[in-house]
Amino acid sequence: MTHSAADAPHTAEHAHHPPADPRRWAALALICLAQFMLILDVTVVNVALPDMAADLDLDRETLTWVVTAYTLCFGGLMLLGGRLADALGARRTLLAGLVLFTTASLVTGLAENAPTLLGGRIGQGVGAALMSPAALSIVTTTFHGTERNKALGVWAAIGGTGSAAGVLLGGALTGGPGWQWVFYINVPVGLLLLIALPAVVPSRAPQPARLDAPGALLVTAGTAALIYGLVKAGDAGWADASTLLPLAGGVLAYAAFAAVERASRAPLMDLRMFTRRPVLAGAFLMLIATALLIAFFFLGSVYLQHVRGFSPLRTGLVFLPVAVATGAGAHLGSRLVGRIGSRPTAVAGMIVAAAGTIPLTQLSENGSVYGRLLPGFVIASLGIGAVFVTATTTALAMVEHQEAGLASGVVNTFHEVGGSIGVAVVSTVAASGFERGSASGFADAFRVCAVAAAATALVALALVPRGKPQSSGGPHVH
């Protein structure tokens, strides 16, 4: 099935544009800086985890939540944040989220115990869920025509490099002034943005919008219960009640969410979007690709420092080639999707990711990091980078302009939730590696990643539509 925008009804979106705002490029630069800060915080904590554990006496379960609490709230509440941006105004929502994110970053850096640390991470996630959709709304309403495509290209590039750059920056800050600075660094940047953004981002009248708070709470609670059950399985086992009850609770919450969304006059997520094969395929690819990439950062950071004795800075430097490979894979993927189509690119990307992960399944306490771990990471991230682009372009194909925001919101949500689930799963599988400092647990976790990538390649062969997608020009995912 060919999925090009030519098959969708055309809109009059580009018929009449308001005069171009002379401050639009300055606004884009500041908005992209804010978005980069949000994406950075997904992975910037990974290298700092061992130092946090030592200073605050954190166990494996708590370390997992340090990563997942942020992405859980970011992804689970993002669609509600988009509705708030419509109801209250994008600039107002962006600034409110920025205040919350900056304050929460300060609280997290000052944390002296696990509850304060996790509370700060939750606050950061809620702030990010307000900021990101509001920022994207500003970009799509400020730019028009070919300028919008350029602006969205810059926006997409932020996501391609932010996650990998976070590990490098986290290593430099943790190895230098201390792990607290992976959070403190957000404070001056946030204050700068709070001063500068109102001067360049115009205020626009809010649009009438219904808020589906019950839907947002149910999908977030369901994902939290799912992650909690996955994490508990590492200590209690898969058959224990402390594992099964949260997993069952997550399923019930998702079922309730589906019922609420079907009954709502203004649902948070239009579940009919999942009856569209391109959207379903794009969301699935984004979920798995993000789960794999964030899991690699999480496992690699702890393995290098906990098992191999690497410093935080040296660990961060190991991931520098991974950042380059992820960006290169995204660039290659964008070309391949246009030439050979989404399905071959998705399948090839996941096969490359699986092939790169295979050497990681043979990790030991004394093998060569640069001869096995690093080449595996680089090859796998090259394939994952290509899948990221394929997921975005596939999901936005055959979607009319007025629905592009909904489609990209769905894929954005799966991007963040995928990171949470990926970390929870590999943390559970690698539990013995965390507790005993052995490489076997980490090798087992990478085996799960390799199987997941290979299985996704098979699913993509059947799920991803044939043909060469053409973006509708709507919002893009990060």
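## Angles between helices

Angles under 35 degrees count as roughly parallel, those over 145 as roughly antiparallel, those from 65 to 115 as roughly perpendicular, and the rest as oblique. Keep that scale in mind as we look at this model.

## About the model

This is a predicted model, in which local features need pLDDT of at least 70 and side-chain atom pairs count only at pLDDT 80 or more, while totals for chains, interfaces and linings use all residues. Residues are numbered from 1 along each chain as its sequence is written, and side-chain values use heavy atoms, leaving out hydrogens and water.

## The whole chain

The chain has 19 helices and zero strands. Both are DSSP runs numbered from the N terminus: helices are H or I with at least four residues, and strands are E with at least two. Of its 478 residues, 57% count as buried, a label for under 20% relative accessible area, with exposed meaning over 50% and partly exposed lying in between (1.4 Å probe, protein chains only).

Contact means heavy atoms within 4.5 Å. Among contacts between residues at least 6 apart in sequence, 84% join residues at least 24 apart.

## Helix 14 and helix 15

How do helix 14 and helix 15 cross? The axes of helix 14 (residues 320-340) and helix 15 (residues 342-357) come within 7 Å and cross at roughly 140 degrees. Here, axes are lines fitted to C-alpha atoms, for helices over the stretch in contact, and angles run from 0 to 180 degrees between N-to-C directions. The two helices are therefore oblique to each other.

On the helix 14 side, Gly333, Leu336, Val337 and Ile340 meet Ser342, Pro344 and Thr345 of helix 15.

## Two buried helix residues

Ala104 lies in helix 5 (residues 90-110) and is buried, with a relative accessible area of 7%. Leaving aside neighbours within four places in sequence, Ala104 is in contact with Gly120, Gly123 and Gln124. Ala104 and Val126 are 22 residues apart along the chain, and their C-alpha atoms are separated by 9.5 Å.

Gly422 belongs to helix 17 (residues 401-429) and counts as buried at 8% relative accessibility. Not counting residues up to four places away in sequence, Gly422 touches Ala291 and Ala295. From Gly422 to Phe298 is 124 residues in sequence, and 9.4 Å in space, C-alpha to C-alpha.

## Cysteines

How many disulfides does the structure hold? It holds zero, where a disulfide is a pair of cysteine sulfur atoms within 2.5 Å. Cys73 is buried, with a relative accessible area of 9%, and Cys449 is also buried, at 4% relative accessibility.
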